Structures are given as C-alpha cells and as structure tokens.
Amino acid sequence: RLGPAGGRLMALDVAALADKARALGDAALLPMSPDVELHWDADYAAYYFSGNDETPFGDAKSNMVRMLGLTRRIAGADGRAVLHLTAQGSHKGQRFKIATVKPYQGHRDGKTHPKNWQAMREWMEGSAEIAGFGVKVWEDREADDGVAASARYAFESGRRPAIFARDKDFQVFPGRHVSWTTLGITEVEPTTWAVADEDGRLYGQQWFWLQMLMGDTADHIPGLPKQPTVDGKGFKNCGEGCAFDWIGNTKSPEEAYAIVRDLYRKFYGESWPAACVEQAALLWMRTDNAASVGDFMRAIPAKAPELERALHMLERRIKQ
C-alpha cells in the first residue's frame, strides 16, 4: 500500500527519468504558470544525488541541477522555486525533547552517509541560488515543516505549491506532488481526505491519522505501540496493516479521530492524552511561522480540552 521510501539516484536514473519526460511530449506536460511554485526536499536530495562512492562530485551536482529544471517543467512551475534544507544544528522543532517513548531518530546514531553527502550539503548551504532555486536553511524546524508551511501560505495566497519529495512526511499536506520515481503528478487539495498516486502512495488528511497508529519508522516514531485484541483481553502490535484496517475506510477527520482517541485510551488508560499529544507533535508537519509544537491541533476536528491540557504540559516540559 505504501510506495518505496529509500534508495539513491545514480546518473543512469536521471537519464532514464529525463528520457521518460521527453517521451511524454509537450502535450502531456502542464502549462507553465507564474502562480505555481516548486518546493524541493533538499535534505533527501543531498543523499539521493550523491550517488555511490565512485560518483564524481561534479556529476552529483550536475545530475541534481538537471533534475531541478526537469521537475520545474513537469510541474508547470514558473513561480518561485525553493530548496529546503534542515540546518545541521537544528533542534528540529524540539522533537528530540518531545519524544519519550522512543528517542527521536535514535536509530540514526552512527549512520554512514554517501561520500558526496557533506559536500552536497555545503554546496547548497553556501549558495543563495542554484539553477533558479532559492536555498532556505531552516534553523528552528525541519525542512519538511518548512515545505508544509510554504504550501499552506501558497494556497492561502491563491498560488499552487508543487512539491518534489520522497519522504512519507510530505504525504500529509496538500499541493501538486511530483513523484520522485515516476515524475507523475498527484493533485492534493487542502480538503482532500485521501488520494493515491500511481505507485499506491496515499496523500491527504487521512495519512496523518494512519501515522498516529503506525508511526514512522524512518524517524523512530512509534505511533500506537499496540492495539486491543478482538476479545479485549490483551494487546497486539499495531503496524501498517492494522492502521489501514482501522483508518483505511474512514471518510472524515471526525471519524478517524474518534477511532484513534479510543484506541489510545484503551492502551494508555488515563494517560492517553499525553501519549496522543506526544505522537501528534512528532508526526504533524508544522505550518505556522513559529513551527509551534501545538500546530497539530489544526487537525483535531472538535474541541478536545483533554488534549489542550496535555499540550500545555508538553510545552512546559520542553521549555525546561
């Protein structure tokens, strides 16, 4: 049900994608519009375009520049274009302090990077502009949050955000999503509940609620560790499959929230609001100017005083 989420882009892959775009022909491409802006996940691009350890740094850069122009044409984005990077010293929206069930991104300690990775990051961070793209380095949040905020502000200003990313986090917010693997277009409106692309990747509001149950293994976020068994006498692991079983057929945030709330209550008991708020604050992509920890409350469909109290406690804890 979920699309691929890993891998690197070698020179051959870039050429293959370029050939595919040319094969589509101009008639299949969207018209260029100054009201369409393009946002790239440059954190992942630094890995992806690094290639392998035999890839010359110059080739890594030229492959990425080539794809910058290609995605702009495919998305019809003649407006502003931005590469979003997370600063290497960023606290990532305080997510390291928020997480208590599992250390946020704790499994990445000691992780090796491609040979060109650091040079790719330094090249981007040291550039005001690359191939017509501005470079935004986020200090107070993750690049994912920065793209989410940019998408929200674009829609509110009457523009359309196009997004080129492979990280699952990007599936929750609206925009003109360009597939990293096929270059196909998936249009996601702010009101979209759920829509799948040609690879089966799900986009829309429902994705957030699915993650609240299945978590995000890439960032070491557990979601709901276990769900009640059918007989109600115990609990079993809750992963991707059970998340879809519970949430996959829902049609609204009201319906999804009621399910998630009840499952958290059954597993955590009286402490369910604190657990629910922690996971929501980790998973939600921040869309306001301050990257507020409580921005996830935008997704809650009704007044929830128990969550508001738990949020205030969380905010006090991470300020200590």
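Colleague: What volume does the second largest pocket have?

Modeller: This is a predicted model, in which local features need pLDDT of at least 70, side-chain atom pairs count only at pLDDT 80 or more, and totals for chains, interfaces and linings use all residues. Residues are numbered from 1 along each chain as its sequence is written, and side-chain values use heavy atoms, with hydrogens and water left out. A pocket is an open set of points on a 1 Å grid over the protein atoms alone where a 1.4 Å probe fits, with protein on both sides within 12 Å along at least five of seven lines. Grid points are joined across faces, edges and corners, and the space filled by probe spheres set on the points is the volume; for the second largest pocket this is about 480 Å³.

Colleague: Which helix supplies the largest share of the lining of the second largest pocket?

Modeller: Lining residues have an atom within 4 Å of a point, and helices are DSSP runs (H or I, at least four residues), numbered from the N terminus. Helix H6 (143-156) and helix H7 (205-214) each supply at least two residues of this lining. The largest share, five residues, comes from H6.

Colleague: Is the aromatic pair of Tyr44 and Tyr48 stacked, edge-to-face or tilted?

Modeller: Rings of Phe, Tyr and Trp (its six-membered ring) pair if their centres lie within 6.5 Å; planes under 30 degrees apart count as stacked, over 60 as edge-to-face and the rest as tilted. Tyr44 and Tyr48 are four residues apart in helix H2 (residues 42-48), so about one helical turn separates them. Their rings are 5.2 Å centre to centre with 35° between the planes, and the pair is therefore tilted.

Colleague: Why is the pair of Phe208 and Trp209 edge-to-face?

Modeller: Phe208 is buried, with a relative accessible area of 1%, and Trp209 is buried at 2%. Their ring centres are 5.0 Å apart, and the pair is edge-to-face because the planes lie at 70°.

How values were computed. Buried means under 20% relative accessible area, exposed over 50%, partly exposed in between (1.4 Å probe, protein chains only).
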